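Trainee: Please take me through this model, from the contact between its chains to single residues.

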Amino acid sequence: MVGPVTHGKTPGSKAGMKVVPSRPEVRTDPAPVRGPASAMIEIERVSQTFRTAGRQAHLALSDISLTIEDGAFVSILGPSGCGKSTLLYIVGGFVSPTEGEARVKGRTITGPGPDRGPVFQEFALFPWKTVLGNVMYGPRQQGVKSAEADAQSRRLIEMVGLKGFENFYPKELSGGMKQRVALARTLAYHPAVLLMDEPFGALDAHTRTRLQNDLLNIWERDRKTVLFVTHSVDEAVFLSDKVVVMTRAPGRIKEIVDIALPRPRRRAELLLDPRYQKYVVEIERMIDDTSEEGLHP
Amino acid sequence: MNARALTSDVLLGIIPIALAIGLWQAISSFGYAPVTLLPPPGMVFTRLVQQLLTSSFQQEIASTLFRLFAGFAIAVILGVGIGLAAAASPAVNAVVRPIVRVLAPLPKVALYPALLLLLGFGHESKITLVAADALFPILLSTYYGASMVEQKLIWSAMAAGTPRRQILFKVVLPAAVPSILTGCRIGLVISCIVVFLAEMISSTDGLGYRLVTAARTFQAVDMFVPLITISMLGLILNGLLQGLRSYLLRGFPEV
């Protein structure tokens with residue numbers, strides 16, 4: 001399925017909607033289909049410059065090119081301030097790149113669409129809706145009938161382990177439970193790509209481990225493409241097929257490491273696996289190098 | 001907050017009011033003020049109960065309440081509407097901002113003579129004055145509430161397929177409800193004050209009018225009755241708004 005990734009904006013409409021992220025330029029040409037069929041996301045020579053308060057241009061991302069295969073679990077790893085979240089927002093269509101372009105299934109990304117579902121560190125659940133209301137939001141927006149959306153959403157809530165909490169409000173849940181709701185809310189509209197922005201960063205170590213396991217179990221059922229931003233090396237190696245290591249500002253791709261560990265992965269086994277340990281040490285070393293670069297430019 | 005804490009809070013809140021009434025009683029019983037000028041609380045409350053049972057006094061309350069509600073309702077509709085529009089569109093904001101800056105500090109009661117000439121001595125001039133005074137706190141809090149909506153809520157809704165033009169009503173408005181209600185609470189208190197004031201300045205009915213006529217004829221007891229009535233009305237209305245607030249904000253974290 002391909003979502004409406006190329007919806008242009010009508011002239012004059014909400015041009016100045018201040019509360020909404022800046023909208024990429026209008027594109028009226030039909031989206032060209034390029035690249036190999038198996039490429040889900042293509043990022044081509046993307047750079048991002050921000051204007052800081054002092055009118056100085058701050059280069060957040062510099063010349064990033066990356067292709068993500070359909071069904072791959074790819075982590076973007078780097079020190080804070082390396083622009084890894086910005087890269088995710090560009091793929092999400094929330095931020096338009098200053099230079100270059102990103103494509104999903106060969107179509108240039110010009111805005112958010114239900115083919116790319118975000119999960120944020122801050123959960124970003126609608127506080128005025130219950131768990132069920134939050135999860136049903138996407139299907140209802142997609143025009144799914146109320147009764148059907150209700151049934152689907154209840155199944156998803158059960159899948160993420162929150163059966164019985166359908167009528168709770170987000171404020172009544174713990175951080176880990178909120179993130180499960182956020183994941184269910186995103187899965188509910190069947191995105192082809194999951195965009196996870198440090199989703200477990202705000203959780204305690206124990207909850208984090210449980211959610212990582214559960215995420216892998218869910219992922220192994222339908223193998224969606226996942227783009228996962230994190231600053232935890234363990235997490236990246238444990239979850240991913242590929243780890244993209246980035247350098248500190250301006251963010252560049254330092255190295256892409258293929259994680260050739262067998263799946264399904266069991267945490268207890270992996271921790272003892274010398275191959276896993278080697279990946280972790282190797283990547284940690286790369287990150288140390290990038291930190292040094294950051295300190296002595 | 002559990003029920004017991006709530007009860008003890010209410011009890012604590014009653015203490016200063018009881019003290020004020022006690023002070024009032026002391027002033028009149030020790031003869032610091034003559035009873036004809038400052039009647040003791042017992043006399044006032046007895047008179048209040050008597051008055052509340054008469055249909056003429058009930059009608060005064062009804063006209064005051066009608067003006068208050070009409071003015072407050074207009075202020076809510078305009079304030080929320082303009083506040084949202086200004087938050088959503090820089091063009092609207094550019095137009096609204098200078099007007100708000102010029103008009104907000106203006107004492108609206110200064111417009112009242114002009115309103116009387118334009119709209120007459122009936123309901124319209126008073127409703128307009130109430131609306132004009134209650135409008136700004138509601139407008140400003142709506143604007144700030146709608147401007148501060150967490151970006152990622154909007155992104156989440158857009159990714160789920162919400163068209164850009166629906167974001168305002170599906171995300172921004174519900175997310176701004178807590179601060180809109182804070183503005184409404186301030187607006188409601190202002191409405192109580194202003195409707196009374198307008199009726200005092202020029203009216204042929206209403207609680208403010210009752211106070212002025214009593215003062216002109218040196219009926220001290222009748223002067224205090226409308227005062228206590230409006231303050232009790234304010235208390236009741238605030239309680240109702242508080243109830244509405246806890247219903248609407250049942251999902252929001254407590255602040």
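Predicted model: local features only at pLDDT ≥ 70, side-chain atom pairs only at ≥ 80, totals over all residues.

Mentor: Residues are numbered from 1 along each chain as its sequence is written, chains are lettered from A and ligands numbered from 1 in the order in which they are written, and side-chain values use heavy atoms, with hydrogens and water left out.

Trainee: What area is buried between chain A and chain B?

Mentor: The size of an interface is often given as the accessible area lost when the parts come together. Here buried area is the accessible area (1.4 Å probe) that two parts lose on being put together, summed over both. Chain A brings 32 residues to the contact and chain B 37 residues, where contact means heavy atoms within 4.5 Å. Carbon and sulfur atoms give 63% of the buried area, which is about 3000 Å².

Trainee: Which residue of chain A forms a salt bridge with B:K152?

Mentor: A salt bridge needs a side-chain nitrogen of Lys or Arg within 4 Å of a carboxyl oxygen of Asp or Glu. Across the interface of chain A and chain B, 1 salt bridge is found by that rule. Its closest N and O atoms are 2.9 Å apart, and the partner of B:K152 is A:E122.

Trainee: How many nonpolar residues has the side of chain A that touches chain B?

Mentor: On that side, β6 (116–120) and α2 (131–141) of chain A each supply at least two residues; helices (H or I, at least four residues) and strands (E, at least two) are DSSP runs, numbered from the N terminus. Ala, Val, Leu, Ile, Met, Phe, Trp, Tyr, Cys and Pro count as nonpolar, Asp, Glu, Lys and Arg as charged, and the others, Gly among them, as polar. By class, there are 8 charged and 5 polar residues, and the number of nonpolar ones is 19.

Trainee: Why is the pair of A:F94 and A:F120 tilted?

Mentor: The structure holds 15 aromatic pairs over all chains, a pair being rings of Phe, Tyr and Trp (its six-membered ring) with centres within 6.5 Å; planes under 30 degrees apart are stacked, over 60 edge-to-face and the rest tilted. A:F94 lies in the loop between α1 (84–92) and β4 (99–104) of chain A and A:F120 in strand β6, so the pair ties together parts 26 residues apart in sequence. Both residues are buried, meaning under 20% relative accessible area, with exposed over 50% and partly exposed in between (1.4 Å probe, protein chains only). The ring centres are 6.2 Å apart and the pair is tilted because the planes are at 50°.

Trainee: Is A:F165 buried or partly exposed?

Mentor: A:F165 and A:F168 form an edge-to-face pair, 4.9 Å centre to centre with 65° between the planes. A:F168 has a relative accessible area of 31% and is partly exposed. At 26% relative accessibility, A:F165 is also partly exposed.

Trainee: In which helix is B:L115 found?

Mentor: B:L115 is buried at 12% relative accessibility. Not counting residues up to four places away in sequence, B:L115 touches B:G120, B:S125, B:T128 and B:L129. The helix that holds B:L115 spans residues 112–119 of chain B and is α5.

Trainee: What is the relative accessible area of B:R67?

Mentor: B:R67 is in helix α3 (residues 55–88) of chain B. Beyond neighbours within four places in sequence, the contacts of B:R67 include B:H123, B:E199 and B:D205. B:R67 counts as buried, with a relative accessible area of 2%.
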